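Hi everyone, thanks for making time for this. Let me put the structure up, and then we can walk through it together.

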Amino acid sequence: MKFLFDLFPVILFFVTFKIYGIYAATAVAIAATFVQIGWVWFRHHKVDNMLWASLVIVVIFGSATLILQDETFIKWKPSVLYWLFAIALLLAHLIFKKNLIRTMMKEQIKLPEPIWVHLNTTWAAFFASMGAVNLIVAYNYSTETWVNFKMFGFMGLMLAFIVLQGLFLGKYIEKNDDKEI
């Protein structure tokens, strides 16, 4: 359910684009992101920094798209967001000696330090690549294709990457021999 909630603005963007076009979809994405943050704040009295970053980016690039009537700006938004994720992962590790992937996952899995570093670096590389792929699709294909790829291609790539990460991490998961009845 959380996964669908996280995709709420993207799903609304996609549906609105199919019915009304890119500019209406952009306005809906901005509004949906505000609603999403409002809901998170209402429920948890705290909003994750990445969600705030997403809001700032969608407002900046979405507003530029609407004001200038140029869809190029909204097409850059996913790349900028993915690149910010990559930079945050790398800078946190290199400058602050903090592994953000470990911070998010340490309750679910215990790993040796080199594996945490590998995982953090791999996620950073994945996000950097996703940003590049977004621009390749945005500049070489129609807006319709880009929107479809944004909705389904990115989800597919993310799912494949997570499955591959799970297979890689599988050998590090401790087995519990206690049998519960």
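Glu113 and Arg102 form a salt bridge, with their closest N and O atoms 2.2 Å apart. By salt bridge I mean a side-chain nitrogen of Lys or Arg within 4 Å of a carboxyl oxygen of Asp or Glu. Glu113 sits in helix 7 and Arg102 in helix 6, so this pair ties together parts that are 11 residues apart in sequence. When I say helix, I mean a DSSP run of H or I with at least four residues, numbered from the N terminus.

Two quick notes on what you are seeing. This is a predicted model, where local features need pLDDT of at least 70 and side-chain atom pairs count only at pLDDT 80 or more, while totals for chains, interfaces and linings use all residues. Residues are numbered from 1 along each chain as its sequence is written, and side-chain values use heavy atoms, leaving out hydrogens and water.

Another one joins the side chains of Glu144 and Lys18, at 2.4 Å from N to O. Glu144 belongs to helix 8 and Lys18 to helix 2, so here the parts tied together are 126 residues apart in sequence. Glu144 has 38% relative accessibility, so it counts as partly exposed. Then there is Glu71 with Lys75, at 3.1 Å from N to O. Glu71 is partly exposed at 23%, whereas Lys75 is buried at 9%.

Now let's follow helix 8, residues 143-170. Its 28 residues should span 40 Å at 1.5 Å a residue, and the end C-alpha atoms are 39 Å apart, which agrees. That expected span is 1.5 Å times one less than the number of residues. Where does helix 8 bend? At Phe149, by about 40 degrees; the bend is the angle between axes fitted to the seven residues ending there and the seven starting there.

Helix 8 also has buried residues, among them Trp146, Phe154, Met158 and Phe161. What covers the buried residues of this helix includes helix 2, helix 3, helix 5, helix 6 and helix 7.

That brings us to the nonpolar cores. A nonpolar core is a set of buried Ala, Val, Leu, Ile, Met, Phe, Trp, Tyr and Cys residues joined through side-chain atoms within 4.5 Å. The largest has 23 residues, and those with the most contacts inside it are Leu111, Leu119, Trp123, Phe126 and Phe127. Helix 4, helix 5, helix 7 and helix 8 each supply at least two of its residues, and helix 7 gives the most, with eight. Leaving aside residues up to four places away in sequence, Phe126 touches Leu157, Met158 and Phe161, where touching means heavy atoms within 4.5 Å. A second, separate core of 19 residues includes Phe13, Ile37, Leu51 and Trp146.

Finally, let's step back to the domains. The domain assignment gives domain 1 as 1-68 and domain 2 as 71-178; such bounds come from an automatic or database assignment. Taken over C-alpha atoms, the two domain centres are 20 Å apart. Across the boundary, 21 residues of domain 1 are in contact with 19 residues of domain 2.

How values were computed
Buried < 20%, exposed > 50% of the residue type's maximum accessible area, 1.4 Å probe, protein only.
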